[in-house]
Amino acid sequence: AYTFNEFDFITDQFDVLNYQATFGVEGVVGGINYDISYTKYRQEVDRTYTNDINPALFAAALSRTDSTAFNPFCNNCNTGFSASELSLVGRTDTVDEIETVDFNISGELFDFGTGPLQYALGYQFRDIGFDIANNDVWENGATNFSWFTSNIGDSEGDRNVGALYGELLIPIYQSSDSNAFITAAEVTTSARNEDYSDFGEATVYAALGKVELIGGDVILRGSYSESFRAPTLVQLQSEENFDIEQGGFFFDPVRGGNFSVGRLTGGNPDLDAQKGETTSFGVVYTPSQLSGLFISIDYFDLAITDLIREPNGQGLLDGTEAAGSVTRGGVEGQADDFPTLDLRINNGGDLDVAGWDFSVSYSFSTDRLGDFRLYTNGVYQTKNELTANEQTVEFLGTTLDTRPTPDLRSVTGLTWDKG
């Protein structure tokens with residue numbers, strides 16, 4: 001029929017340009033440290049989609065009778081025909097901008113008896129906006145592309161975010177005897193409030209504590225923190241689109257092979273904020289008798305609720321995806337068992353991850369060969385599961401969600417520095 005030297009591969013090209021500028025001032029007034037800064041960030045993404053055959057242009061080329069007609073039954077004989085005539089160029093221009101103003105102060109309040117009580121306060125203002133402009137090829141996508149059943153229009157959005165935050169370092173204990181079993185103890189507490197112009201407000205808290213033992217050779221540490229992530233403007237406001245994926249990238253166990261599927265994608269104005277809690281505790285050992293040895297091990301437990309994400313399409317077909325949905329039938333021109341995957345961004349369940357972080361290293365120097373450092377860093381997960389719609393998916397030891405999730409990950413290496 002035709003060969004690849006007559007029809008180029010479909011090309012989806014992205015040209016990305018980033019700008020960032022920051023300026024500010026800092027200083028000390030009356031024992032108070034201050035800094036004020038302004039940052040402007042802008043990203044421009046130009047998308048060009050080419051070489052996808054337009055049905056109307058293809059039909060017109062087949063029906064012509066002159067030298068510019070397209071003959072699908074010959075090989076390299078369409079000398080008067082240009083394959084580019086069958087393709088329209090879809091263009092999308094996306095602009096993201098963020099302007100940020102920060103004001104921070106820090107200093108010491110008073111002597112706590114075991115050391116100075118230190119503080120830090122700050123305020124941040126962010127103005128965030130995006131603009132997505134599509135040319136008329138995408139605005140008439142349902143007509144221009146056989147696999148596309150929706151038209152894509154332009155979209156834009158803007159929000160302001162004000163954040164107030166503070167941190168306090170409290171020296172609870174400090175021994176005057178360097179050989180004491182308990183050498184020092186301190187606690188750091190912090191809080192942050194963010195107020196969104198379009199999404200309400202939230203306050204999160206965090207605390208970190210540590211105790212030094214045996215002259216600082218052993219450090220016991222623990223932390224608790226909360227997190228809050230509001231949906232982005234694009235996640236809330238991007239248009240809903242439906243297309244038919246014809247590349248056979250999905251295996252459908254119902255139909256028993258790799259076939260085309262329908263895909264419903266886009267944003268979700270009903271998204272909730274993603275919230276999280278993290279708890280950790282551990283120990284650090286750096287013996288003074290063996291300089292250069294470092295050992296640390298920490299247990300962590302991360303719980304995220306209302307996780308913001310796009311469901312995994314293959315997981316939906318396999319029944320291992322806890323969010324999203326699959327519906328069959330109801331698509332014009334398709335069989336009753338034709339699947340439509342709902343891949344719209346949603347609050348795709350609750351994620352629980354727990355395990356152990358560990359690090360061991362030993363550094364030493366030689367007169368002739370230089371400095372060496374032998375190290376091993378890793379994480380051993382005991383839990384990694386996602387729960388949604390009364391279904392729990394365990395990721396440990398699987399390649400679900402298109403990513404391998406082994407119980408143990410580690411890196412071991414040796415560095416050498418001879419200056």
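Modeller: Let us begin with Phe228, which has a relative accessible area of 22% and is therefore partly exposed, since only a value under 20% would count as buried. Please keep in mind that the model is predicted. In total, 9 aromatic pairs are found in the structure. One of them joins Phe228 to Tyr196. A pair of aromatic rings is described by two quantities, the distance of the centres and the angle of the planes. For Tyr196 and Phe228, the centres lie 6.1 Å apart and the planes stand at 50 degrees, a tilted arrangement. The two residues belong to distant parts of the chain: Tyr196 is in strand β6 (residues 182-196), while Phe228 is in strand β8 (residues 218-229), and 32 residues separate them.

A second pair consists of Phe372 and Trp416. Their ring centres are 6.3 Å apart and their planes meet at 15 degrees, so this pair is stacked, as the angle is under 30 degrees. This pair, too, links distant parts of the chain, with Phe372 in strand β18 and Trp416 in strand β20 (residues 408-417), 44 residues apart. Phe372 is buried because its relative accessible area is 18%, whereas Trp416, at 54%, counts as exposed. Both residues take part in a cluster in which ring pairs link Tyr362, Phe364, Phe372 and Trp416.

The largest nonpolar core has 11 residues, among them Phe300, Val353, Val379 and Phe395. Strands β12 (293-305), β17 (350-366) and β18 (370-388) each supply at least two residues of this core, and β18 gives the most, with 3 residues. Beyond its neighbours within four places in sequence, Phe300 is in contact with Thr279 and Ser280, with Val353, Ala354, Gly355, Trp356 and Asp357, and with Val379.

Finally, a word on confidence. The mean pLDDT of the protein chain is 89, and 94% of its residues reach 70 or more. Residues 1-5 have a pLDDT below 50, although this stretch has 12 contacts in the model beyond near neighbours in sequence.

Methods
Residues numbered from 1 in each chain as written. Predicted model: local features only at pLDDT ≥ 70, side-chain atom pairs only at ≥ 80, totals over all residues. Heavy atoms only, no water. Core = buried A, V, L, I, M, F, W, Y, C linked by side-chain atoms within 4.5 Å. Buried < 20%, exposed > 50% of the residue type's maximum accessible area, 1.4 Å probe, protein only. Helix = DSSP H or I, 4+ residues; strand = E, 2+ residues; numbered from the N terminus. Contact = heavy atoms within 4.5 Å. Phe/Tyr/Trp six-rings, centres within 6.5 Å; stacked < 30°, edge-to-face > 60°. pLDDT = per-residue confidence, 0-100.
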